[in-house]
Amino acid sequence: DHDSAIKAADDYRRRNPAEVAPYNLLGQAYLAARDDDNAREAFEQVLELAPGDPNANHALALLAEQTGDLAAARAYYQAVLQERKDYLPTLMRLSALEAKAGDEQAMVAGLNRAMEVHPEAVEPRLALSRYYLARGEVETAAGMFSDLGNAARLRPEVAQLLAQAELQQNNYAAARFYLEGLVEAQPDAAQWHYQLALAHAGEGSGEKMREELEATIRIDGDFFPARVALARWFLLQQDLPRLEAQLVELRRLAPENSDVMQLEGALASLKDDPDAALDKLQLAFEQAPSSASLLTLARQQYAAGEKAAAKSLMQTWLDDHENDVATRTALAQVLLMEEQEDKAATEFRRVLETEPRNVVALNNLAWILLEDDPAAALEFAERAAEAAPESAQVLDTLAMALLENQELARATRAITRAIAINPNVPTQHYHAARILVARG
């Protein structure tokens, strides 16, 4: 009832013309009624009585921002800080203004100042942490709360951010700790169940992931990412009835979404309908061209016998996306399967230009060069073992490279470790036998 609110505030102002509060109330009433001109006039009356009043300056700053006058807005915030040097709400608003103006340096400086003068306050830490998280500086984002007590760290808004940071760093157990607390505190929040599902997935707990995804959907049946993830789980389990049930809902929510069409293509493939699968995956790629949608289409083409088309698709993509490691690695592996080792080696070397510690490229190059250039093969195998010291496959490659270079003692140690990690690979036992023969 804006008219009554304005009348009551104006009556209050007439009875108390020398006080600040009536003008602030009148200004807020006019703002609620979307009467910006009269609101501005009321707040300016406040500043005549109290130039540093936070309520009036904040309101006038927001009105200035709405008209694009960021300089005027900044001046209103500075007016507050002249009288209240370290007033936290104004420091936060001023930092947000600098972000809006595109001055990230000033925004970060303002938030750091707020943290320094209010070390126990969570708000500036949250804002800075969100900023660093958006920039991919995950460790810095998480570190914003390292010197706060457990009570502050377990506040929902802080726990949410810390969980997100832990997920991005693949620290799934730590993320689960925060998310389980969020689910306990807010059991009807679909987002927390969904993120907890991601943490379970990262830990390899597929059934727990499924349970949390289903809990997400019970709370919010239109939670699209959860339905996609659940459909992918049923696809992996080859549970076609439940996959089809999820696809019914996904088609309702987003029939032309690339993820939905990829799932439909996968379902068609499982039903032994390669033409329908190719049609769906082609549409998915055209709808949302990406490395993932391209590779799904290329794999289906290759499986359907369209090998030249699959390789051409990947090569054409790489002409425009030369640093796409996933696609280049897939192309190299296809060339290797077709025994085009020189071409495969060229592609693997280009992968290493982008990712020098790429284990797949290093390991495959070691095998390709094993007979013709054992010294180079050993160099690549050692680099792979440094990047993945607990991989039985990598240790097996290293053992064979060491054998070719007549380093038999090291070869024995490497193959022994490989067998200890995964004793059920026949080729590793065969390689161990070759090393024993070489040792007499």
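Author: A quick term first: helices here are DSSP runs of at least four residues, numbered from the N terminus. Keep in mind that the model is predicted.
Reader: Good. What volume does the largest pocket have?
Author: About 340 Å³.
Reader: Which residues are closest to its centre?
Author: The lining has 15 residues. Closest to the centre are Ala 266, Ser 269, Leu 281, Thr 296 and Gln 300.
Reader: Which helices each supply at least two residues of that lining?
Author: Four do: H15 (224–236), H17 (258–270), H18 (274–287) and H19 (291–303).
Reader: And which one gives the most?
Author: H17, with five residues.
Reader: How do the lining residues of the largest pocket divide into nonpolar, polar and charged?
Author: Seven are nonpolar, four are polar and four are charged.
Reader: Next one. What's the volume of the second largest pocket?
Author: About 200 Å³.
Reader: Which residues line the second largest pocket?
Author: Leu 336, Glu 341, Asn 364, Trp 367, Ile 368, Leu 370, Glu 371, Met 400, Glu 404 and Arg 434.
Reader: Which elements give two or more residues there?
Author: Helix H23 (359–368) and helix H25 (392–404). H23 gives the most, with three.

Conventions
Residues are numbered from 1 along each chain as its sequence is written. This is a predicted model: local features need pLDDT of at least 70, side-chain atom pairs count only at pLDDT 80 or more; totals for chains, interfaces and linings use all residues. Side-chain values use heavy atoms; hydrogens and water are left out. On a 1 Å grid over the protein atoms alone, a cavity is a set of points where a 1.4 Å probe fits but cannot get out, and a pocket is an open set with protein on both sides within 12 Å along at least five of seven lines; lining residues have an atom within 4 Å of a point. Grid points are joined across faces, edges and corners, and a volume is the space filled by probe spheres set on the points. Ala, Val, Leu, Ile, Met, Phe, Trp, Tyr, Cys and Pro count as nonpolar, Asp, Glu, Lys and Arg as charged, and the others, Gly among them, as polar.
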